[in-house]
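Below is a short report on one protein chain. Please look at the sequence and the model, then read on.

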Amino acid sequence: MFPFFEIVAMGAIEASCVAGGPLGSASADPVYPGGAFDLMCMASEPDAFAELKVKDIKNGRVAVYFFLLGYDMQAFATGN
């Protein structure tokens, strides 16, 4: 039951972000934070913000890779 609820909730949040978020379209790139939801004012410099977006994507990919590698190592160690 919980995974279904989580999938529905995250889908609703992502759909809201694509539609411009709860405060409407605040920037030309509504999928990423930096418009209405910029609590730390990291989007004040467009060049620095573009670099932060690339770093966020790369770090996310590395984190997912090692998360899955951890699952594989656990399966290998336990034989399950």
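How many of the 80 residues of the protein chain, in percent, count as buried? The share that counts as buried is 4%, where buried means under 20% relative accessible area, exposed over 50% and partly exposed in between, with a 1.4 Å probe and protein chains only.

The model is predicted: local features need pLDDT of at least 70 and side-chain atom pairs count only at pLDDT 80 or more, while totals for chains, interfaces and linings use all residues. Residues are numbered from 1 along each chain as its sequence is written, and side-chain values use heavy atoms, with hydrogens and water left out.

**Overall make-up**

The protein chain has two helices and zero strands. Helices (H or I, at least four residues) and strands (E, at least two) are DSSP runs, numbered from the N terminus.

**Helix α2**

Helix α2 covers residues 46-78. It has 33 residues and reaches 48 Å from its first C-alpha to its last, close to the 48 Å expected at 1.5 Å a residue. The expected span is 1.5 Å times one less than the number of residues. Just after α2, Gly79 takes a positive phi of about 80°.

**Salt bridge**

One salt bridge is found in a search of the whole structure. The term stands for a side-chain nitrogen of Lys or Arg within 4 Å of a carboxyl oxygen of Asp or Glu. The partners are Glu51 and Lys55, whose closest N and O atoms are 3.2 Å apart. Glu51 and Lys55 are four residues apart in helix α2, so about one helical turn separates them. Glu51 is partly exposed at 45% relative accessible area, and Lys55 is partly exposed at 44%.

**Aromatic pairs**

The whole structure holds two aromatic pairs. Rings of Phe, Tyr and Trp (its six-membered ring) pair if their centres lie within 6.5 Å; planes under 30 degrees apart count as stacked, over 60 as edge-to-face and the rest as tilted.

| Pair | Centre to centre | Angle between planes | Type |
|---|---|---|---|
| Tyr65 and Phe66 | 5.1 Å | 80° | edge-to-face |
| Phe67 and Tyr71 | 5.0 Å | 85° | edge-to-face |

Tyr65 and Phe66 are both exposed. Phe67 and Tyr71 are four residues apart in helix α2, so about one helical turn lies between them. Phe67 counts as exposed at 52% relative accessibility, whereas Tyr71 is partly exposed at 49%.

**Nonpolar patch**

Phe67 and Tyr71 also belong, with Val64 and Leu68, to a nonpolar patch on the surface, and the four together have about 430 Å² of accessible area. Patches are made of residues with over 30% relative accessible area and no salt bridge: like charges are joined within 9 Å, nonpolar side chains (Val, Leu, Ile, Met, Phe, Trp, Tyr) within 5 Å.

Conventions
Accessible areas come from the Shrake-Rupley method with a 1.4 Å probe; for residues, only the protein chains shown count as cover.
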